[in-house]
Amino acid sequence: MSDLSGKKLSRREFLKFSGAGAGLLLAGEPLFALLAPAANTDNPLDYYPSRDWEKIYRDLVNADSSFTFLCAPNDTHNCLLKAYVKNGVCIYLGPTYGYGKATDIYGNQASHRWDPRCCQKGLAMIRKIYGPRRVKYPAVRKGFKEWVDAGFPRESDGKVPAKYLNRGKDPFVKVSWDDAFSIVARAMDNIARTYTGDQGRDFLVKQGYDPAVIEATGGAGTQVVKFRGGMPLLGATRVMGLYRFANSLALLDSKIRDVGPQKAIGARGWDNYSWHTDLPPGHTMVCGHQTIDFDLATAENANLIICWGMNWISTKMPDGHWLTEARLKGAKVVTVACEYQ
């Protein structure tokens with residue numbers, strides 16, 4: 001080690017000069033004034049000369065703007081959440097705390113006990129928004145697009161040739177929005193026209209459908225266009241939106257068969273909601289309608305709650321507190337399921 005003149009310094013000499021320099025710095029008035037109050041107080045931050053550095057940490061969660069959106073994962077809660085945006089990017093999500101302000105047409109106001117409507121899945125939704133597997137553009141399965149481009153060829157029994165039916169194996173092809181809308185509309189139109197009238201009835205017979213099922217179509221090809229409200233579409237259109245769209249295909253039937261509103265028939269809406277996933281299968285049979293989330297609030301009035309085929313704590317997270325509070329009030333909970341809840 002050497003100084004600026006090139007003279008060699010021993011370790012002892014280096015430490016001696018370093019100690020002297022530190023002493024001169026401590027003797028300086030500005031630094032002494034900075035440290036002196038801290039030595040005479042229990043809370044040095046009360047006298048800290050500058051706390052601007054804290055702004056860095058506040059800015060981490062200080063959003064430029066926010067907006068409210070509908071969170072619709074596979075649990076049908078459809079909670080209203082708030083997204084916080086910074087530099088054009090959603091940085092985090094949170095509850096809106098507005099459920100207690102809601103009123104119906106009669107002026108009845110909801111309880112604030114519904115808030116906060118949010119769960120771990122909702123908070124993690126931002127990972128889907130910016131995740132690498134998110135859908136960035138319209139796409140269609142390669143085989144299906146080839147079938148459409150070939151003019152919807154069919155076998156003698158009306159079925160689509162097997163070479164076009166490689167679902168799960170075909171890659172997806174990027175298309176424009178206009179092409180995507182056109183493919184969907186043309187495919188539904190082709191299906192409805194193919195199975196309308198005598199030709200459609202003959203195809204269904206060859207495919208082995210029960211005579212009673214064929215008769216129920218009434219000769220309308222729109223009846224074989226089956227709509228199942230899968231979860232992605234349920235999120236976008238709510239539970240009944242896709243079924244209402246199925247009914248609207250009566251407009252297509254009216255055009256194809258040239259019939260009026262009284263005879264036009266829409267498509268089939270297959271109920272996917274009451275009989276799968278975490279939903280209680282007995283609910284529809286007992287109550288006469290599909291499971292409605294606000295029914296969960298009545299749990300606090302029950303003395304006995306039977307969770308049959310439904311893991312409430314795992315799949316009804318925003319409403320889990322109703323079950324917990326009911327237990328605190330003395331309600332007995334019986335679970336009939338293949339797992340512990």
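Predicted model: local features only at pLDDT ≥ 70, side-chain atom pairs only at ≥ 80, totals over all residues.
**Cysteines, overall fold and largest pocket**

The cysteine sulfur closest to that of C71 belongs to C79 and lies 6.4 Å away, too far for a bond. A disulfide is a covalent bond between the sulfur atoms of two cysteines. C71 is buried, at 6% relative accessibility. C307 is likewise buried, and its relative accessible area is 3%.

The protein chain has 341 residues, of which 32% count as buried. Its secondary structure consists of 14 helices and nine strands. Among contacts in the chain with a separation of 6 or more, 54% are between residues 24 or more positions apart. The accessible surface of the chain is about 22,800 Å², and carbon and sulfur atoms account for 58% of this surface.

The largest pocket holds about 2,200 Å³ of space. It is lined by 49 residues, and those closest to the pocket centre are F144, R167, A187, I191 and K226. Two or more lining residues come from each of the helices α6 (142–149), α7 (177–194), α9 (211–216) and α10 (231–248), and also from each of the strands β4 (139–141), β6 (226–228) and β7 (268–270). The element that gives the most to the lining is α7, with eight residues. By residue type, the lining of the largest pocket comprises 34 nonpolar, seven polar and eight charged residues.

Note on methods:
Residues numbered from 1 in each chain as written. Heavy atoms only, no water. Disulfide = S-S within 2.5 Å. Buried < 20%, exposed > 50% of the residue type's maximum accessible area, 1.4 Å probe, protein only. 1 Å grid on protein atoms, 1.4 Å probe; cavity = no way out; pocket = protein on both sides within 12 Å on 5 of 7 lines; lining within 4 Å. Points joined across faces, edges and corners; volume = space filled by probe spheres on them. Helix = DSSP H or I, 4+ residues; strand = E, 2+ residues; numbered from the N terminus. Nonpolar A, V, L, I, M, F, W, Y, C, P; charged D, E, K, R; others polar. Contact = heavy atoms within 4.5 Å. Areas by Shrake-Rupley, 256 points an atom, 1.4 Å probe, with all protein chains shown as cover.
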